[in-house]
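Please keep the sequence and the coordinates at hand while reading.

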Amino acid sequence: MIPCVGRRDYNRRMILNIAAYIFVPIDDADALAPRLRERAEADGLRGSILVTPEGLNLFLAATEAPVRDFLAWLRTDARFAGLHAKESWSEAVPFARLKVKRKAEIISFRREHASPLEVGQRAPTVAPQTLARWLAQGHDDAGKQVVMLDTRNQQEVAYGTFTGALTLPIDKFTDLPAALAPHRDRLRDTTVVSFCTGGVRCEKAALWLQQDGWDNLLQLDDGILGYFEQVGGVGYDGGCFVFDERIALDSTLRPMQAVQA
């Protein structure tokens, strides 16, 4: 994590990057998208905003004050009051421009029962601090083996993942169910923790798998970026691929040297 000594002065000279998503019904997605674009442009933000009927997905960057102003404005809408943003810092804005897109899903999965809006609740979660303790002791609190399930694609995994994680030979998220199916029996008596970059994919995967009969599955709350932010790199090898010009972040949330995927 970024050292506490001089942290505020250091951050003032840098760019604040946020990653955030929220599942919430948006009946006015077509009208909301241009309003978000207008406000983000006025604040000088760059990055991407996905607006869907099931919620928002944001990756944005600028100097600190405009980013915080945009989030405060967004949260004045009661639907987005609970939006939680994961933060990291960089020396330059890692996006070339602002993109605001109207999509069907926060992340394309094309499966039923993969959204909290459909199911009526989130899949069970495990907090980063609890997971770090489980990984350090070698089992969960019930004594069961913990298996980390990486829901990202091969390109992302090449930059780093949890030690001993189950990784799948997939190129896109929609390939996950078929790639995971052969592992189902051997995972039956373990505690499976799904994870991804910021939480969207592991949340959808966990919900769908739960509805498909998996009763031993949790999702890592806030994904890898939230884990790095809260506990650092305990039990993690390498960095986390991010979808901007920084390429990948290490466990202190700083850009790391690129590797060949």
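## Terms and basis

A residue is called buried under 20% relative accessible area, exposed over 50% and partly exposed in between, with a 1.4 Å probe and protein chains only as cover. The model is predicted, so that local features need pLDDT of at least 70 and side-chain atom pairs count only at pLDDT 80 or more, while totals for chains, interfaces and linings use all residues. Residues are numbered from 1 along each chain as its sequence is written, and side-chain values use heavy atoms, with hydrogens and water left out.

## The parallel sheet

Four strands form an open sheet in the order β6-β10-β9-β7, with parallel pairing; strands are DSSP runs of E with at least two residues, helices runs of H or I with at least four, and two strands pair if DSSP finds at least two bridges between them. β6 (125–126) and β7 (146–150) each have a single partner strand, so one side of each lacks a neighbour in the sheet.

Strand β9 (residues 191–195) pairs with β7 over five bridges, where M148 stands opposite V193 and L149 has S194 as its bridge partner. On β10 (residues 217–220), to which β9 is joined by three bridges, the partner of S194 is Q219. Five of the five residues of β9 are buried, so this strand is largely enclosed by the rest of the structure; T191, V193 and F195 cover one side, V192 and S194 the other.

## Salt bridges

The structure holds 20 salt bridges, each defined as a side-chain nitrogen of Lys or Arg within 4 Å of a carboxyl oxygen of Asp or Glu. In helix α2 (residues 29–42), E41 and R37 are four residues apart, about one helical turn, and their side chains meet at 3.7 Å, N to O. E41 is partly exposed at 48% relative accessible area, as is R37 at 29%.

The side chains of E105 and K204 meet at 2.5 Å, N to O. Because E105 lies in the loop between β5 and α4 (116–119) and K204 in helix α8 (residues 200–211), this pair ties together parts that are 99 residues apart in sequence. K204 is buried, with a relative accessible area of 1%.

## An exposed arginine

R97, in the loop between β4 (85–90) and β5 (98–102), is exposed at 54% relative accessible area.
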